Amino acid sequence: MHLPAKKSLGQNFLKSKEAVRDIVSAADIQPGDNILEIGPGKGVLTEALLAKLSTGGRLIAIEKDDRMIPLLREAFAGSLASGKLILIHGDILEMTVEKLAECGLREGQYKIIANIPYYITGQLLRMFLESAYQPSKMVLMLQKEVAQRIVARDGKESILSISVKAYGTPKYVAKVPAKYFSPEPAVDSAILLIDAISKQFFSKNQLSESAFFETVKLGFSHKRKILASNLEIPSDQRVQTLSAIGLEEKVRAEEVAIEQWAALAKIFRTD
C-alpha cells in the first residue's frame, strides 16, 4: 500500500538501513528495555527496535497519522498479540504522565527514540526533559543545524544547548542526508543522542530550574551586548563578580559554560 507523506504532519519517511542501524546503536538497547517510539510511520525503525528487544522488553509506539495504524497493526500483528509492542493512535504532545504510566513506562527507566517532524523538536525536548517523568536517554532525528547547535559544534553555546546540557549529555551521532528520506526534506538531518538524563544538575547546585533558566534567558537577551550588560551588573562590580567565576569582563553569553551559568544563577536568583 502506497501512503504518501502528509505535509501537514511534517512527514519524511526514513528509508536508509544505515541510518536505522546508527539510531539503534546509539540507543544501546538492552533485552529488557522499555522504549517509547514517537512517529513510527511505516515501521522501518519499529522493526529494527523489536528485533533488539527480547522477553521482558517492550516498545510503545505512538502514531498520529490514522492512515498508518492499520498498516502497523498488520505488519506487527505478532508483536502486538504478545504484548511486546503497544501501538497508540494519538499525538505525543497531548500525552499525559498517567497515560505513559499505564503503558508500563517508569520515570528514568525508559528510552525515547524518534524520527520527529522538525516543527515539534523544541516542544518535544521541553516536554520530556523538563518533565517529572524523564526518560533515561533520547535518540532523536533532528534537522542537522539544530543538532549541531545543541552540541555547540562551533564552540558557541545558545539557550538551546545550555537547556539540553542542564538535563543530560548531548552527542552528535551522525549526519543523515536528505536523500535518505522519502520525500526528501529541504535540509539534511542528524541523529542526536541525549544521554544520562536527570535533574541532578539542579539539585547539585541547589538551584530551581526556574531560577537557572531566568538567568540564562536574561544573559542571552541581547545577542550583541556583553553578558555583564544583559545581566545589568554595575560597571564597578563587573570585574569582581565575573572573575570570581572565571569569566572575563567582556565575555559574551555564548562563551559561558553551564557550570558558570549555575554560579551566575546563584548570584542573580530571585526565588
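Which residue's side chain meets that of Lys111 in a salt bridge? The partner is Asp33, and the N to O distance is 2.8 Å. A salt bridge here is a side-chain nitrogen of Lys or Arg within 4 Å of a carboxyl oxygen of Asp or Glu.

## About the model

Welcome to this structure. This is a predicted model, in which local features need pLDDT of at least 70 and side-chain atom pairs count only at pLDDT 80 or more, while totals for chains, interfaces and linings use all residues. Residues are numbered from 1 along each chain as its sequence is written, and side-chain values use heavy atoms, with hydrogens and water left out.

The pLDDT is the predictor's confidence in each residue, from 0 to 100. For the protein chain its mean is 90, and 94% of the residues reach 70 or more. Over residues 3-10, however, the pLDDT is below 50. Beyond near neighbours in sequence, that stretch has 23 contacts in the model, a contact being heavy atoms within 4.5 Å. Where pLDDT is low, the predicted coordinates should not be read in detail.

## Salt bridges

Side chains of opposite charge can pair when their charged atoms come close. Helices (H or I, at least four residues) and strands (E, at least two) are DSSP runs, numbered from the N terminus. Lys111 is buried at 9% relative accessibility, and Asp33 is buried at 16%. Buried means under 20% relative accessible area, exposed over 50%, and partly exposed in between, with a 1.4 Å probe and protein chains only.

A salt bridge also joins the side chains of Asp91 and Lys64, at 3.4 Å from N to O. Asp91 sits in the loop between β4 (85-89) and α5 (97-102), and Lys64 in the loop between β3 (58-63) and α3 (68-75), so the two tie together parts 27 residues apart in sequence. Asp91 is buried at 17%, whereas Lys64 is partly exposed at 43%. Asp65 pairs with Arg67, their closest N and O atoms being 2.7 Å apart. Asp65 is buried, with a relative accessible area of 1%, and Arg67 is partly exposed at 22%.

## Backbone angles to look for

Most residues other than glycine have a negative phi. Asp28 has a positive phi of about 50° although it is not a glycine. Asp28 lies in the loop between α1 and β2 and is partly exposed, at 43% relative accessible area.

Ala152 also has a positive phi, near 55°. Its place is in the loop between α7 (144-150) and α8 (159-165), and Ala152 is buried at 11%.

## Nonpolar cores

A nonpolar core is a set of buried Ala, Val, Leu, Ile, Met, Phe, Trp, Tyr and Cys residues joined through side-chain atoms within 4.5 Å. The largest one has 60 residues, of which Leu36, Phe128, Phe212, Leu227 and Trp261 touch the most other members. Helix α13 (residues 258-268) gives the largest share of this core, 5 residues.

Leaving aside neighbours within four places in sequence, Leu227 has contacts that include Leu242, Leu247, Val251, Trp261 and Leu264. A second, separate core has 28 residues, among them Ala26, Leu45, Phe76 and Phe181.
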